[in-house]
Amino acid sequence: MTAVYVALGAPFVAAVVGLLGGRTWPRLVVPVAVAGASVAFLSALVLAGRSVAGDLYESARLADVPTGGPPIGIDLRVDGLAALVSVAVGAVALAVQVYSIGYLKGDPRYSSYAALVSLFTAAMLLVVFADDLMVLLVGWEVMGVCSYFLIGHHWEQEGSRASAVKALVVTRLGDVGFLFGIFLLATTVGSFSIGQVLGFDRWPEHTATIATLLLLCGVVGKSAQFPLHTWLPDAMAGPTPISALIHAATMVAAGIYLVARLFDVFLLAPATLAVMAVIACITMLGGALAALGQDDIKRVLAYSTVSQLAYMLAALSVGSAVAAEFHLLTHAAFKALLFLAAGSVIHAVGTNLMPDMGGLRRLMPVTFATMTVGLLALAGVPPFAGFFSKEAVLGAAEETAVHHEGPAYAWTGWLVLVVGLVTVAVTAAYVARLWLMTFFDRTRSPVAAHESSPVMRWPLVLLAVPTVLLGLVGLRDEWLPDWAAATVLTVGGADTLSAEQEGVAQETLHIAPLTSALSVALAVVGATAVWLAWRRAPASDPTAELRQRRALEHAFFVDDLYDRAFVQPVRLATRAVGWADDEVVGEAVRDTGRGTSRLSEWVSRAQGSTVQAYLTGLLAGVLLLVAGVVTFAS
Amino acid sequence: MPLLMPVVLAGLLFSIGAYGVLARRNAILVLMSVELMLNAVNINLVAFDVWLRDELLAGQVFTLFVITIAAAEVGLGLAIVLLVFRQRETSSLDQLTELHEPDPEADAATDAAPEPVQERAS
Amino acid sequence: MTDLLLPLLLALPAAGALGLLVAPPRRAERVAVRAGLAVTTATFLVAVWAVAADAATDVEWVPTLGLRFHLGVDGVSSPLLLMTCGLTALCMAYLLRVRPEAGRLRALVGLLLLLEVGMVGTFVALDLLLFFVFFEVVLVPMWFVIAQWGDDSVPGGRRRAANVFILYTLLGSVVMLVGILLVGLHAGTFDLVELADRQGADMSRGIQVLAFLALGLGFAVKTPMWPLHTWLPDAHTAAPTVGSVLLAGVLLKMGTYGFVRVALPIVPEGAEAVAPYLGALAVVGIVYGSLACLAQTDLKRLIAFSSVSHMGFVLLGISTLTPVGVNGALYANIAHGLITGLLFFLVGAIKDRHHTASIEILGGGLYERMPRLGGLLAFAAVASLGLPGLAGFWGEMLVLLGAFDPASGLNRPYYLVLMVLAGTGVVLTTTYFASVLRRVAQGTSFQAWRDAVLMRDASRFELLVWAPIVALVVVLGLWPGWLLDASDPVVQALLSAQRVIVN
């Protein structure tokens with residue numbers, strides 16, 4: 001467990017030191033930040049090594065927190081899944097810290113930036129290593145806030161400010177549902193401990209379904225799936241390394257990780273799996289189509305991320321956590337690579353917009369080469385990593401659809417398979433578009449572009465390695481499941497899945513030859529279509545002629561819908577409450593004050609007259625009393 | 001003579017006196033009306049004393065008390081009215097109002113409720 | 001020895017105030033703040049000693065009425081006591097360098113010491129009438145603090161705000177007194193410990209409901225509960241920095257503490273009957289407070305409405321009548337006291353430098369002009385919106401968990417609806433704090449502020465004064481067991497009647 005503590009502690013300490021002392025000792029900032037990330041990465045490698053060498057499972061309880069109800073424990077655990085994901089996190093975090101040295105050179109707020117990236121790393125690792133739902137939630141939300149601060153790094157710009165708030169609020173919305181799901185789990189099981197939740201076998205009817213649906217709210221928010229996907233494209237306003245770290249490799253993967261971690265509970269709820277499949281398919285295809293219509297290179301990658309995350313969610317929805325984990329790892333590698341390469345391009349050309357780029361193939365050879373590798377992986381071209389992981393996903397869908405294997409309904413398998421294949425074609429289309437518009441033909445940019453500095457080049461090359469090689473992990477069907485085993489611990493301590501589950505996960509990778517061939521063919525079709533359109537008018541956008549261009553560019557106007565459905569009513573309610581507080585509630589209070597004054601005026605009128613008026617009253621009173629006595633005394 | 005006659009007389013005198021006290025403005029007239037009321041009470045006392053044939057003659061003794069006190073009171077009252085007249089040139093009760101409750105103005109100090117602070121958004 | 005500790009705790013600030021009164025005026029004016037700091041630090045140390053030694057005092061006071069001078073601390077009151085003494089000491093320290101414009105420090109320090117007597121007394125009193133006395137003692141010094149040292153920019157504004165504050169709270173207290181007398185006369189004793197043990201055994205249900213309503217009304221005005229909240233924004237806008245900090249940090253806690261200490265254990269059947277309405281009003285407060293925040297243009301007023309929203313969470317937790325909910329309510333109480341105290345310190349510092357708290361006039365760019373102050377504001381905002389890892393989260397979370405699974409006598413679907421609405425309140429809270437940071441901290445500064453000469457960032461002195469609060473917020477966020485270990489056993493005992501109903 002020491003490696004776990006070190007992996008968590010190093011970036012956290014780096015963050016604290018950076019936040020408190022960054023301004024006073026600016027020369028310490030870079031060493032502290034890089035050291036924090038390196039230590040985390042090395043510890044993660046140690047853990048991964050142990051996992052590959054043999055079974056890895058350890059857990060520890062740091063403290064008990066009595067609540068009066070289900071108790072919370074500050075628990076940590078590590079197993080194969082956690083180890084592998086932590087390696088991805090550590091690697092990308094280190095790459096980003098190094099890359100940022102060059103990218104943010106001269107930035108006045110670099111110390112707080114680096115510290116927040118370290119804090120973010122610590123929070124993500126907390127999510128990975130948590131063995132208690134509350135501890136996981138702490139890491140989950142701290143990541144969200146770090147993301148808010150980092151997206152808003154260039155807070156002089158209105159776009160950054162707005163995007164940061166949007167990211168925070170949309171994910172928080174999902175997190176409220178997430179919290180309620182945690183409540184349901186904890187009150188049913190009697191504890192917040194993940195180990196106890198996974199080992200629980202007396203689930204009342206529908207509880208697992210409702211709980212997992214609520215947890216799905218958080219997943220949908222954090223992993224930017226429909227309908228809470230709108231924050232991710234706007235989050236591109238943040239610095240590019242942040243987009244690479246947070247919005248490609250780590251934070252958005254946290255949702256997928258959560259489902260994989262709690263997969264045994266999800267397996268009990270085929271209804272939730274069906275909902276997941278539908279959401280994933282909508283997002284998959286929608287994201288890919290939207291990517292086809294974007295002019296900003298980062299927004300293309302953002303929508304691409306949304307679409308690829310949907311692939312992972314789809315894999316989970318047909319019962320294959322292994323395929324999802326595989327795609328998570330490969331996607332972390334190639335997407336981080338793509339974002340950093342895009343950052344390199346943006347840094348050189350000075351603009352995000354692809355219509356203003358072009359011909360960079362000769363001017364930036366290293367970037368061109370590495371980005372090509374990344375794009376091929378994204379499109380799912382063999383033998384790059386993306387091909388194997390995407391095929392794992394599609395293979396799992398085929399198993400469910402054709403062979404009825406796994407916990408999901410057969411129709412979800414068909415849905416995922418068909419939509420997944422169509423999306424492969426669209427993915428290849430937008431990949432080709434990006435590649436052609438950015439690197440080919442003559443330069444449209446007025447700025448003289450040149451290759452970026454070594455500090456920015458080396459992370460690209462390093463990330464290209466796993467992009468190429470990671471796919472080989474999928475060659476043997478059992479390698480990854482063995483290494484990435486998400487160990488389940490029942491209350492008794494046995495290392496098996498509970499026998500009473502409704503569905504059993506697909507334990508190994510399935511790569512079906514027919515589907516693979518079909519997907520490669522579709523990718524070629526998609527890319528060729530775009531190439532042909534580009535050939536006709538090389539200087540312009542291949543999709544400029546499309547009738548639905550505007551809808552694609554605005555991502556089917558979902559944002560505008562939300563604005564009208566949610567933002568405007570809240571603004572209206574705000575004004576109403578502001579008015580009502582003064583005019584209604586406040587006025588009521590003031591009226592009591594005025595009422596009291598008026599009452600006192602009215603009473604004081606009895607004091608305002610002459611002596612004779614007093615005497616009149618006196619006489620009248622005496623007469624009444626006498627009459628009363630005479631009537632009632634007899 | 002039957003009891004009714006002095007009682008009616010007393011009642012009439014009392015009413016006239018009451019009217020005078022309540023409706024006249026001149027202070028001296030008010031004092032005179034008070035005397036009337038007191039004398040009405042005296043007549044009542046004597047009449048009932050005779051009718052009840054009281055051994056102790058309590059009614060008549062009480063009448064003597066009332067006469068004495070009325071005399072003292074009128075002396076004092078007239079002295080006050082004279083002094084007031086010398087000060088104010090008036091003996092009209094309507095104009096002697098120093099102990100009145102003043103007319104309630106818009107009094108910020110007694111208003112317990114605040115106006116809204118100016119910088120609030122609407 | 002230990003039974004003299006709590007009376008000493010009360011006597012120290014009173015003696016300090018008296019000393020300042022009788023000392024020669026010019027000398028007193030010079031040493032006032034330092035003397036005040038010494039007294040409050042000593043009080044804090046005595047408080048720590050008293051909590052550690054589990055001090056208690058129980059002496060006959062007025063035998064014919066059955067009143068006892070009964071003082072004590074336990075897991076529920078000790079965190080509040082320590083927070084009170086700590087915040088007061090920090091306020092005194094703050095006054096060392098940051099002088100209010102109206103001067104007259106001797107009077108201000110004396111009044112703050114009297115205020116401390118009242119606040120400390122409320123939290124340690126274990127006799128109903130004694131509790132009431134201390135509850136009322138805080139009103140008059142606070143009136144003076146607001147009316148004499150408050151914000152004078154609107155003519156007559158501070159006087160009006162102080163009037164509303166005192167009259168409104170007094171009205172609630174009068175109703176509360178009726179409740180206290182009702183309870184005392186029916187039960188035959190005014191002793192809180194004994195009444196809590198009895199759990200309302202010898203009072204009929206009707207009397208219990210009536211008593212809870214009367215007591216509840218008094219506490220509700222203080223909390224403040226919607227719709228009895230309108231005194232708070234005006235009081236906060238008008239009050240000086242130290243007044244706002246103590247008002248938000250301590251005085252608001254007295255209301256909810258009263259619910260937990262007095263109303264819930266003594267009249268449990270009354271609590272069960274009224275709890276759903278309390279919960280509904282609490283949730284209205286949460287959502288209404290958040291929406292009102294979005295409409296404000298004055299920073300202090302905005303934080304005042306955020307207090308209404310946060311205290312709505314506390315009330316919701318109390319209305320669930322479960323140990324989880326009440327634990328959450330107490331945790332949220334402490335967290336709110338610390339975080340909002342810090343917020344008011346920060347906004348007070350901003351207001352002192354810019355001579356305004358209006359967001360429109362301040363404009364953006366606080367990060368740029370004053371990075372340390374801006375950073376602390378961001379920290380406080382993030383803590384206030386309930387980020388896990390900082391103190392505010394555990395209270396909110398436990399309250400929501402309590403609403404998820406309320407006491408068995410309560411309608412569960414109803415409470416689930418309340419929980420969902422409170423959840424939307426969480427999202428709205430996030431929205432308004434993010435919006436505040438966006439309008440004030442981020443962005444670019446107005447040229448006028450950039451040119452202004454006296455725009456200093458937070459000085460080392462100010463950072464030193466605020467550091468303990470920041471540290472506590474982080475510690476209570478990462479180590480919730482500390483507080484929960486202390487409060488849980490006491491809460492379980494106070495709510496034992498509810499659990500009898502369960503079984």
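A polar contact here is a pair of N or O atoms within 3.5 Å; within protein, one must be able to donate a hydrogen and the other to accept it, and residues adjacent in sequence count only if both atoms are side-chain atoms.

You're looking at a predicted model, where local features need pLDDT of at least 70 and side-chain atom pairs pLDDT 80 or more, while totals for chains, interfaces and linings use all residues. Residues count from 1 along each chain as written, chains are lettered from A and ligands numbered from 1 in written order, and side-chain values use heavy atoms, without hydrogens or water.

Start by colouring chain C as domain 1 (1–137) and domain 2 (138–502), bounds that come from an automatic or database assignment. Their C-alpha centres sit 22 Å apart.

Next, select the contact (heavy atoms within 4.5 Å): 49 residues from domain 1 of chain C and 57 from domain 2 of chain C. Together the two domains bury about 4600 Å², 79% of it on carbon and sulfur atoms; that's accessible area (1.4 Å probe) lost on being put together, summed over both parts. Show Tyr94(C), Leu128(C) and Phe135(C), which lose the most area on the domain 1 side, together 18% of what that side buries.

Now zoom in on Asp74(C) and Arg261(C), whose side chains form a salt bridge at 2.8 Å, N to O. The rule (a Lys or Arg side-chain nitrogen within 4 Å of an Asp or Glu carboxyl oxygen) counts one such bridge between the domains. Polar contacts across this interface come to ten residue pairs, both residues at pLDDT 80 or more.
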